[in-house]
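Biologist: Before we discuss any details, could you put the sequence and the model on the screen and then take me through the packing?

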Amino acid sequence: MAENREQLAPVLVLGGSGRVGRAVVDELAARGEHVVSLSRRVSASPHIATVEHRRGDVSDLEEVLSGLRPSAVVIAVTPFTAPPESFDGFDTDFYARMMTRIEELVFPGTRVIDVAVTAIAHLDDGSIVADHDELFPRRLRPFSDAHARGADRLDSSTLNGTVLIPAAGLGLTNTGSGSTPVLLDEPVPLEDAIAAVTHVTLATAVVDQLTLTNSGNQRWLVRDAAVPLTRSSQR
Ligand SMILES: NC(=O)c1ccc[n+]([C@@H]2O[C@H](COP(=O)([O-])OP(=O)(O)OC[C@H]3O[C@@H](n4cnc5c(N)ncnc54)[C@H](OP(=O)(O)O)[C@@H]3O)[C@@H](O)[C@H]2O)c1
């Protein structure tokens, strides 16, 4: 019932109207969680009536969090929907600053799931995906650096953080359904980093992580199970 749902401390999804955020909101709602979805623009007809849609900007988290004591926070914000022509003036502390403000404004130990980007994944040859121009355009490096800084900041915070790194094939095989997510510890083989993962599978991984209360700070690469497992992923 909606009344019971509203009595629960909500899960706050930053960027809840986006491609990843929307899948996470749907999965949380399906599991009966009270969800607050945040974005700067709010659709006139929210897709789930029981989800609270708030208009706000992550640059003003004090306002966003006023009167709200979230049980957990999911970060699914991208500062742009498509990569800009130029990264001149791009704030590479975008995510790190967000982590710092969240840490200041929520209870210590609050669960935070950060959806990052494949480019920051460590590969088993000692490189990261962003080092490979053929995998990640060099001009986008400021964006992956921002994600890397955010993940490092989360790791050093008092928050109970998990960084989930989607495999590069995020959304390429979307069918509206997902499979069991495979979570891989870094370093990962290249074939795992470039594997497919649907938005639904990623959302399942995000919400699964929220139910783990004492996992400590961790980071995982997430891909679909619907491809043959490699030796390393069978650990
Ligand atoms: N393969 C990969 O590694 C991969 C692929 C895709 C995405 N990702 C990652 O997944 C995450 C989500 O990506 P996405 O594809 O879902 O992005 P998206 O569809 O562009 O959605 C971005 C969301 O963030 C919101 N947003 C943007 N700036 C905001 C601000 N200042 N304050 C509040 N909300 C803001 C947007 O709503 P408004 O614009 O209305 O505010 C929207 O809800 C990102 O971290 C991205 O790097 C990874």
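**A buried phenylalanine and the fold around it**

Modeller: Phe-143 has its place in helix α5, where helices (H or I, at least four residues) and strands (E, at least two) are DSSP runs, numbered from the N terminus. This is a predicted model, in which local features need pLDDT of at least 70 and side-chain atom pairs count only at pLDDT 80 or more, while totals for chains, interfaces and linings use all residues. Residues are numbered from 1 along each chain as its sequence is written.

Biologist: Is Phe-143 buried or exposed?

Modeller: A residue is buried if 20 or more other C-beta atoms lie within 10 Å of its own, exposed if 12 or fewer, and partly exposed in between, with C-beta atoms placed from the backbone. Phe-143 has 24 C-beta neighbours inside 10 Å, and therefore it counts as buried.

Biologist: What distance separates the C-alpha atoms of Phe-143 and Val-117?

Modeller: Along the chain these two residues, Phe-143 and Val-117, are 26 residues apart. In the model their C-alpha atoms are separated by 9.1 Å.

Biologist: Which residues is Ile-120 in contact with, leaving aside its neighbours within four places in sequence?

Modeller: Ile-120 lies in the loop between β5 (111-115) and α5, and it counts as buried because it has 24 C-beta neighbours inside 10 Å. Two residues are in contact if their C-beta atoms, placed from the backbone, lie within 7 Å. With the neighbours within four places set aside, the contacts of Ile-120 are Ile-128, Ala-130, Ser-144, His-147, Ala-148, Ala-151 and Ile-165.

Biologist: How are helices α4 and α5 oriented to each other?

Modeller: Helix α4 (residues 94-105) packs on helix α5 (residues 141-155) at an angle of about 25°, with the axes 6 Å apart; axes are lines fitted to C-alpha atoms, for helices over the stretch in contact, and angles run from 0 to 180 degrees between N-to-C directions. Angles under 35 degrees count as roughly parallel, over 145 as roughly antiparallel, 65 to 115 as roughly perpendicular and the rest as oblique. The orientation of α4 to α5 is therefore roughly parallel.

Biologist: Which residues of α4 and α5 make the contact?

Modeller: By class, the contact of α4 with α5 has 7 nonpolar, 3 polar and 2 charged residues, where Ala, Val, Leu, Ile, Met, Phe, Trp, Tyr, Cys and Pro count as nonpolar, Asp, Glu, Lys and Arg as charged, and the others, Gly among them, as polar. The residues that α4 brings to the contact are Phe-94, Tyr-95, Ala-96, Met-98, Met-99 and Thr-100, and those of α5 are Ala-146, His-147, Arg-149, Gly-150, Arg-153 and Leu-154.

Biologist: How are α2 and α7 oriented to each other?

Modeller: The axes of helix α2 (residues 19-30) and helix α7 (residues 199-210) come within 8 Å, and they cross at roughly 60°. Among the residues that meet there are Val-20, Ala-23 and Val-24 in α2 and Leu-202, Ala-203 and Val-206 in α7, and by class the contact has 9 nonpolar, 2 polar and 3 charged residues. The two helices, α2 and α7, are therefore oblique.

Biologist: Which strands stand at the edges of the sheet?

Modeller: The open sheet is formed by 8 strands in the order β3-β2-β1-β4-β5-β6-β10-β8, with mixed pairing, and two strands pair if DSSP finds at least two bridges between them. The twist averages 25° from one strand to the next. Because each has a single partner strand, one side is left without a neighbour in the sheet for both edge strands, β3 (52-55) and β8.

Biologist: Which residue of β10 stands opposite Val-182?

Modeller: Strand β10 (residues 218-224) is largely enclosed by the rest of the structure, because 5 of its 7 residues are buried. Strand β6 (residues 160-166) runs parallel to β10, joined to it by 5 bridges, and Ile-165 stands opposite Leu-221 in β10. Strand β8 (residues 181-184) pairs with β10 in the antiparallel sense over 4 bridges. Opposite Val-182, the residue of β10 is Arg-223.
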